[in-house]
Amino acid sequence: MSQAAALALRLQEVILEGTWIANTNFKKELDNTALDDVSIQIKTYNTVAILAQHIHYYIAGVKQVFLGGELSISDRFSFDFEPMQNDEAWQNFLALLWKDTQELVNLIKTLTNDQLDAIFVKEAYGSYKRNIEALIEHSYYHLGQIVLQLKTEAIRNFIALKPT
């Protein structure tokens with residue numbers, strides 16, 4: 001398997017369909033959720049909806065570069081999202097996350113080793129390979145947060161239903 005194919009598979013695993021590293025993925029955790037489930041504020045932590053949008057922000061931004069566009073994303077704005085208004089908006093967002101991820105996976109697969117080693121936008125950002133690896137690791141980090149938040153809410157609901 002080429003380096004590019006291996007990286008593409010790792011991104012596909014964390015977002016769309018893998019279980020090798022975390023025994024879950026974004027799609028498995030989020031596919032059957034409602035907006036109410038993912039908008040629950042736990043202390044001062046970002047909601048599950050915000051975390052999912054944050055990861056999509058980077059996937060969409062990196063994909064834009066792969067398609068020949070400018071890098072228009074900034075860490076400074078990576079958590080700035082308007083609240084979703086209803087379940088339809090949440091489901092539409094998830095469909096976009098899955099679509100953009102699959103498109104980026106397909107673009108990554110086509111890279112040669114020379115392209116993987118090439119500078120990503122500017123030298124300070126390192127190589128394409130480094131940025132793809134960072135996107136994967138960043139996604140696993142937030143996947144862990146999402147899993148914990150969803151479990152925390154499930155435990156709270158169980159305790160609330162348990163007779164005393």
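Predicted model: local features only at pLDDT ≥ 70, side-chain atom pairs only at ≥ 80, totals over all residues.
Local features were considered at pLDDT of at least 70 and side-chain atom pairs only at pLDDT 80 or more, while totals for chains, interfaces and linings use all residues. Residues are numbered from 1 along each chain as its sequence is written, and side-chain values use heavy atoms, with hydrogens and water left out.

The largest nonpolar core has 44 residues, among which L11, I15, F26, L30, F66 and W90 touch the most other members. A nonpolar core is a set of buried Ala, Val, Leu, Ile, Met, Phe, Trp, Tyr and Cys residues joined through side-chain atoms within 4.5 Å; buried means under 20% relative accessible area, exposed over 50% and partly exposed in between (1.4 Å probe, protein chains only). At least two residues of this core come from each of α1, α2, α3 (35-38), α4, α5 (87-109) and α7. Helices are DSSP runs of H or I with at least four residues, numbered from the N terminus. Helix α4 gives the most to this core, with eleven residues. When residues up to four places away in sequence are not counted, L11 touches L16, T101, L104, V105, I108, L135 and I136 (contact means heavy atoms within 4.5 Å).

Helix α4 covers residues 48-66, 19 residues that reach 27 Å from first C-alpha to last, close to the expected 27 Å. The expected span is 1.5 Å times one less than the number of residues. Because 17 of its 19 residues are buried, α4 is largely enclosed by the rest of the structure.

Most residues other than glycine have a negative phi. N23 has a positive phi, near 60 degrees, and is found in the loop between α1 (3-17) and α2 (26-30). With a relative accessible area of 57%, N23 is exposed. V121 also has a positive phi, of about 70 degrees; V121 is found in the loop between α6 (113-117) and α7 and is partly exposed at 46% relative accessibility.

The structure holds one cavity of 30 Å³ or more. A cavity is a set of points on a 1 Å grid over the protein atoms alone where a 1.4 Å probe fits but cannot get out, and lining residues have an atom within 4 Å of a point. The lining consists of D37, I40, I42, V48, Q149, L150 and E153, with its largest share, three residues, from helix α7 (residues 128-161).

Technical notes
1 Å grid on protein atoms, 1.4 Å probe; cavity = no way out; pocket = protein on both sides within 12 Å on 5 of 7 lines; lining within 4 Å. Points joined across faces, edges and corners; volume = space filled by probe spheres on them.
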